[in-house]
Structure formats: structure tokens, C-alpha cells
Amino acid sequence: MGSVGFTSARFSSTAWFEGARFAADARFEGALFSGIAGFGGARFTDDVWFGGARFAGSAGFGGARFSGTARFGAADFSDEARFDEARFASTAWFDGARFAGDARFHRTQFAEDARFGGARFSGIAGFDLARFRGGALFSQAQFTDVARFDTALFSGTARFEGTQFAGDAWFHLTQFSGDALFPQARFTAMSWLGPVVCAKTVELSGALFEVPVTLEIAAREVRCERTRWESTATLRLRYATMDLSHAVLFFPVAVNAHPVPFTHGGTMADESLLAGSQHGVRVASVHGVDAAYLVLTDTDLSDCLFSGSFHLDQLRLEGRCNFAATPTGLHFRRSIWPYWWTRRRTLAEEHHWRAQTAGQSPSPTGQAPSPRHWRTGPHHPDPGRTPDPEHLAALYRQLRKAFEDSKDEPGAADFYYGEMEMRRHDLVGTPPGERGLLWGYWLTSGYGLRASRALVWLAVAMTATIALMMGLGLPDSSRNRRRPAPSPPLADE
């Protein structure tokens, strides 16, 4: 058939278009299919319009080929809608569509954008093994039953802004070559998400998790800014840099670095999208978080921002958590006096403050910071937004308590040293007399934590004492001793 127009047509019984060929545009806008609508294997060479169409019976588009734009916006599927193995060569519009029965898109291929914004899925929504070559837009969509995206492949950006998942959301072994965006999404009953592999960013900012959930994500970045966790949660991550700024935690939330690739049903997740990425999980910020419910295990905290958090003394640090180290190598003050920094664990905020105080220039974009210098912060060189020594001393004091509770005495010692350092440099909160005592305490023994420094001063004191004794000598007691008076001669008898 060439160009056909069935706008507002009424099909009171079965409408059978199996294997039909539409050489030009086909218009079914506002059409009513009271019985089965069969378009399986149909070929649409040009654009096709099903906007506002109503399907009272099952709608079968399995294996159909859409060479032009396919418009199903605001279509109403009262029964099952089957698009298994269909191919959309151009944009597929399903904005505002309603699927009262199951929606089956098994192995469906979308060569360009697939738009399901505002769509409502009352039955099972099956997108397993689907291929999204362009963007995938599910913003404001509603999934009342199970949403299945198992082993689906998203080559472009996948958008789920404000999407509501009232049932389970299955993303087992799903791959995202672009960003996976779930801001403001709501997960009402989902207990497991993943394993997911994302080449870029998994965005969960503003999302709401109402039930206990486990997330398994391998990505370059995971953002959970202002995410609400209304129950317990376990985040198992690989490769990712995670941002937890202003996240709201009502129950314990654990962030774990998963040591080996994820598996599901005996199948290992393909992490080729992350080839060349650095191993290890990094936490970028816990700013504004109530840390009493936060557990960090085997994470890299060298760039983590702790300022603005609550109850840091109750933060739980498990396994091997790395912090930033002091600069390495020998340095010269005013090109004359040599000095070096003793090795200890430090907060990223101390790095930022010291780099700002020293007038240090930030590292070039894309270049790793030099281990010989302090790292510049995100607000460099604005002094008003970088924590000062008074605030840093409080951070060190609270985290020292966290180390002590976890029986990590070396870590607690490093953070005690950092606290004393910040008090020594605090020109506002520390009185001058106390700062003088702290300077002496630091110079003589490194706040009681540098035994070598104390031994050096002991050696200096002993050497000075010996030199004084050798130079001035001691009084000769034999010369000053009084000789006894001679006895009087005995009288002759």
C-alpha cells in the first residue's frame, strides 16, 4: 500500500495487517481497535502515526519494521502490547502512552531516540535484551508492576527523571554506554538494582528509596546528592567516584568497594566499557550527611569533603580506608631552610587550606596533582569557602573519635596530630599563650607522637651538658679540703 489514512477509523473486529507493506506514510491517529490489532511483521517505509489510538484488544507489532518516525504518543493499550523484536530505524514516540496490560519490548531495537516520557505501565514492562542506540527517555513514566531491563543495552543517555517504580525494577547485567540518569526517581518496592555497568555517570540525586535495597553498580561516577534512604541500603560499587552530598539517611547505609566483577545467575558482568578506569571506589563528599548512619568500607577518602557533616564521631570506617598523605620530598623555605613533612594521614580540607595559604596554583585540567604539593580545593583561591583551622580542628577531633571506636590507634594518632596542627595555626580560636605552648610541644616532641624528635632534643641536651662540664669543669674538692691541725708535742717524761 502507498499512503493510507485511517484517522479516527473504527475497527469493530480483528484488524489484521500481518506482513503488510506501507510504502508511504500511514496514519492511524485516533483509531479504535475493538478487537485484535495485528501488525506483526509489517513494514512501514515512511512515517507512521498511531497517536491517540485505542487498542481494546491485544496489539501485536512483533517483528515490525519502522523505517520512518513511529508516533504512538498518548496511545491507549487496554490489553497486551507486543513489540518483541521490532525495529525502529528512526525516533519512536510513546510519550504519554498507557499500557494497561503487559508491554513486551523483548529484543526490540531502537536505532534513534526512544521516547516514553510520561508513559504509564500498569502491567509488566519487559525491555529485556532491548537495544537503545540513541537516547532513551523515560522521564515521569510510571511502572506499576515489574519493570524489566535485564541485559538491555543503552548506547546513548538513558533518562529516568521523576520515574516512579511501584514494583520491582530489574536491571540485571544492564549496560549504559552513556549516562544513566535517575534524578527524583521513586523506588517503592525495589529490593535489588543491578548489577549495572555504566561507562559514565549513574545519577541518583534526589531519588527516593522506600524499602531495603541493594545496589550493585560499576561506573565512573555515582551521584547521590540529596538522595533519601528511608530504609537500610547497601551500595556495592566498582571503579566509581561517589558523591553523597546532603543525602538523607534514616537507617544505616553501607558503601562497599566490591573487589571482583559482579555476577548474576552465574554470568559475569561485562566491564569492557570501563577499560582503563582506575580500580577502587572513591568518596568525593559526605557534606551535609548525618554520618551516624553511614558505613564506609575499603573506600578511598583522599579527596572526600567532610565539612558540614553531622555526627562524624559516629562514622564507621571499616576495612582499608585511605586518606590523603602529606607532600613528599625535601622542600626549601625562602630557598634557604630545608624542611620536609612527616608522613601522616590528612583530610582533603587541610590540603585545600594549606595550598591556599601557600598561594599554590591549581593543577592543570586533566593532570593528576603532584605528590610533592598540597592539593588545591574546589573553591581555590576563595578563602571564604575553604574551611579554616578552627573548623578543621573540630573535624579532626570528631574523626579521631571514629578511629578510636574502630580500634584503629595509628589512624587516631594521625588525626590527633592533625587536630593539634590546626589548633597551632588557629589565630582566632586559640589564645596566644596556648599557641606558644603548642609551638613548643610541636618542636620538642611532635605533640608526643614523634619519638625521633624527642630523642634528638634529648641528645642535644646531653651534648650541651657534657660540653659545659668539659668547658667549665668541676671544682676540685681535694684542694679545698681543710687539713687537720698538727697535734701538740708530747711533754718529756
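Tutor: Happy to! Two strands count as paired if DSSP finds at least two bridges between them. The strands themselves are DSSP runs of E with at least two residues, while helices are runs of H or I with at least four residues, and both are numbered from the N terminus. Please keep in mind that this is a predicted model, in which local features need pLDDT of at least 70 and side-chain atom pairs count only at pLDDT 80 or more, while totals for chains, interfaces and linings use all residues. Residues are numbered from 1 along each chain as its sequence is written, and side-chain values use heavy atoms, with hydrogens and water left out.

Let's begin with strand β39. Residues 233-238 make up β39, and six bridges link this strand in the parallel sense to β37 (residues 213-223). Within that pairing, Leu-215 has Leu-235 of β39 as its bridge partner. Strand β39 also runs parallel to β42 (residues 253-257), and five bridges join the two. There, Arg-236 is partnered by Asn-256 of β42. As background, strands of a sheet pair through backbone hydrogen bonds, either parallel or antiparallel.

Three bridges connect β45 (residues 281-285) with β40 (residues 241-243) in the parallel sense, and Asp-243 finds its bridge partner in Ser-285 of β45. Strand β45 pairs with β47 (residues 299-300) as well, over two bridges and again in the parallel sense.

Now step out to whole sheets. Phe-33 has Phe-55 of β10 as its bridge partner.

Another open sheet is built from eight strands, also with parallel pairing, and its order is β3-β7-β11-β15-β19-β23-β27-β31. Here β3 (15-16) and β31 (169-170) are the edge strands, each pairing on one side only. Strand β27 (residues 147-148) pairs with β31 over two bridges in the parallel sense, and Arg-148 stands opposite Trp-170 of β31.

Finally, the helices. The axes of α4 (residues 432-445) and α5 (residues 451-472) come within 6 Å and cross at roughly 85°. Such axes are lines fitted to C-alpha atoms, for helices over the stretch in contact, with angles running from 0 to 180 degrees between N-to-C directions. Helices α4 and α5 are therefore roughly perpendicular to each other; angles under 35 degrees count as roughly parallel, over 145 as roughly antiparallel, 65 to 115 as roughly perpendicular and the rest as oblique. Trp-442, Leu-443, Thr-444 and Ser-445 of α4 meet Arg-453, Ala-454 and Trp-457 of α5, where contact means heavy atoms within 4.5 Å. By class, this contact of α4 with α5 has four nonpolar, two polar and one charged residue. Ala, Val, Leu, Ile, Met, Phe, Trp, Tyr, Cys and Pro count as nonpolar, Asp, Glu, Lys and Arg as charged, and the others, Gly among them, as polar.
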